[in-house]
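This report describes the architecture of a protein model and then turns to selected helices and residues.

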Amino acid sequence: MDLTTGLMLLLIGILAGGYGTIVGAGGGFIFVPVLLTVFHIEPAVASSSGLFIVFINAISGVFGYARKKKIYYRLGITLGIGALPGTLIGVWLLRLFYSNSFYFIFASILVCLGIFLFIKNSPIVLKRKEWVHPVSEDGDERISSRKADRDLSNLPSLQLKKLLPLGFLMGILSSYLGIGGGWLLVPMLVYYLHVSPQHATATSIFSLCIYSIVGIIFNLFYSTIDWMIVVWGGIGVTIGSQLGVISSQKIPSKVIFQMLSVLLIIIGYRMYFT
């Protein structure tokens, strides 16, 4: 690999690491599509290398979020445990089905999630929420239309176990696509469990550390990891993740989701023609 390619991977890693840490997705959903569409890396290698990049991104981001006490550890561990068997299935599926089916599944998931996030955070929907929930008499800010943010740090064990299937699905998609599962987990925590975006992203990054390592071990066994991509991209996402932790405290959650939705739709659409 020449120096120019390495520097490009470094810059992409900074962008992916910063943005991925802000939205809790690990950065793989940016890095892997770039490997596929710009560098024309084989899907199996792109996915395996991307998963390693996601792990580096997650490890770096966790330290930043832990210092700010934004992680729900019990929730993250539960999701991580549920994802472990799913990662094994994801690695197996990757070796059986990639090529055309890989691109189509990847693109469809990204586009559908992007459309969902765009609709939920569109100006029309947000204005409707503000109209239904006007400013209170004492001048406080408008009440959100969804329920108050929930503290899941003390969630009963029985309710935590109900999240295991979600973790299982995340594990499959993480290993198969090489992009982590935060892009699916964060919207579900925010919109269905009513967790604040800051805690959702931090917990998502933490769970990534747990279940991504299993997929990496199996990819090591199959020797599908490009180490030069991991080195250059890993340095980039390490820098980017720390910038992302700092930026996440200053960017409104609706702006984060609006940016994420547009990016997902563009990347997904581009991959249909790859």
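## Basis of the model

The model is predicted; local features require pLDDT of at least 70, side-chain atom pairs count only at pLDDT 80 or more, and totals for chains, interfaces and linings use all residues. Residues are numbered from 1 along each chain as its sequence is written, and side-chain values rest on heavy atoms, with hydrogens and water left out.

## Overall architecture

The protein contains twelve helices and zero strands. Read from the N terminus, the order of elements is α-α-α-α-α-α-α-α-α-α-α-α.

Of the 274 residues, 54% are buried; buried denotes under 20% relative accessible area, exposed over 50%, and partly exposed the range in between, with a 1.4 Å probe and protein chains only. Among contacts (heavy atoms within 4.5 Å) with a separation of 6 or more, 85% join residues 24 or more positions apart. The accessible surface amounts to about 12,800 Å², and carbon and sulfur atoms supply 69% of this area. Areas were computed by the Shrake-Rupley method with a 1.4 Å probe, and for residues only the protein chains shown count as cover.

## Annotated transmembrane regions

An unreviewed UniProt entry places the feature "transmembrane region" at residues 7-32, 44-65, 72-94, 100-119, 163-185, 205-222, 229-249 and 255-273. Such positions are given in the numbering used here, feature names are shortened, and annotations may be inferred rather than shown by experiment.

Two of these spans can be set beside the model. Residues 205-222 are 100% helix and 0% strand, with end C-alpha atoms 26 Å apart. Residues 255-273 are 95% helix and 0% strand, and their end C-alpha atoms lie 28 Å apart.

## Helix α12

Helix α12 comprises 20 residues, 253-272; at 1.5 Å a residue it should span 28 Å, and the distance of 29 Å between its end C-alpha atoms agrees with this. The expected span is 1.5 Å times one less than the number of residues.

Within α12, the buried residues are I256, F257, L260, S261, L264, I267, G268 and M271. They cover an arc of only 145° around the axis, and therefore lie on the same side of α12. The arc is that of the directions from the helix axis to the C-beta atoms. I266 and Y269, on the other side of α12, are exposed.

## Helix α11

At the N-terminal end, D226 caps the helix through a side-chain oxygen 3.1 Å from the backbone nitrogen of M228.

The buried residues of α11 include G233, G234, G236, G240 and G244, together with I229 and V230. The buried set packs against α1, α2, α3 and α10.

## Buried residues

A25 occupies the loop between α1 (3-23) and α2 (28-37). A25 is counted as buried because its relative accessibility is 0%. The C-alpha atoms of A25 and L184 are 8.1 Å apart, although 159 residues separate the two in sequence. Beyond neighbours within four places in sequence, A25 contacts G20, I179, G182, W183, I205 and L208.

F31, in helix α2, has a relative accessible area of 1% and is therefore buried. Leaving aside neighbours within four places, F31 is in contact with L9, I12, G13, A16, I53, I229 and G233. S212 belongs to helix α10 (residues 197-222) and is likewise buried, at 1% relative accessibility. A polar atom of the S212 side chain lies 2.5 Å from the backbone oxygen of L208. Not counting residues up to four places away, S212 touches L51 and F55.

H40, which is not a glycine, has a positive phi of about 55°. H40 is located in the loop between α2 and α3 (43-67) and is exposed, with a relative accessible area of 63%.

K69 also has a positive phi, near 55°, and is a residue other than glycine. K69 lies in the loop between α3 and α4 (73-96); its relative accessible area of 73% makes K69 exposed.

Note on methods:
Helix = DSSP H or I, 4+ residues; strand = E, 2+ residues; numbered from the N terminus. Polar contact = N/O pair within 3.5 Å; in protein donor to acceptor, adjacent residues only side chain to side chain.
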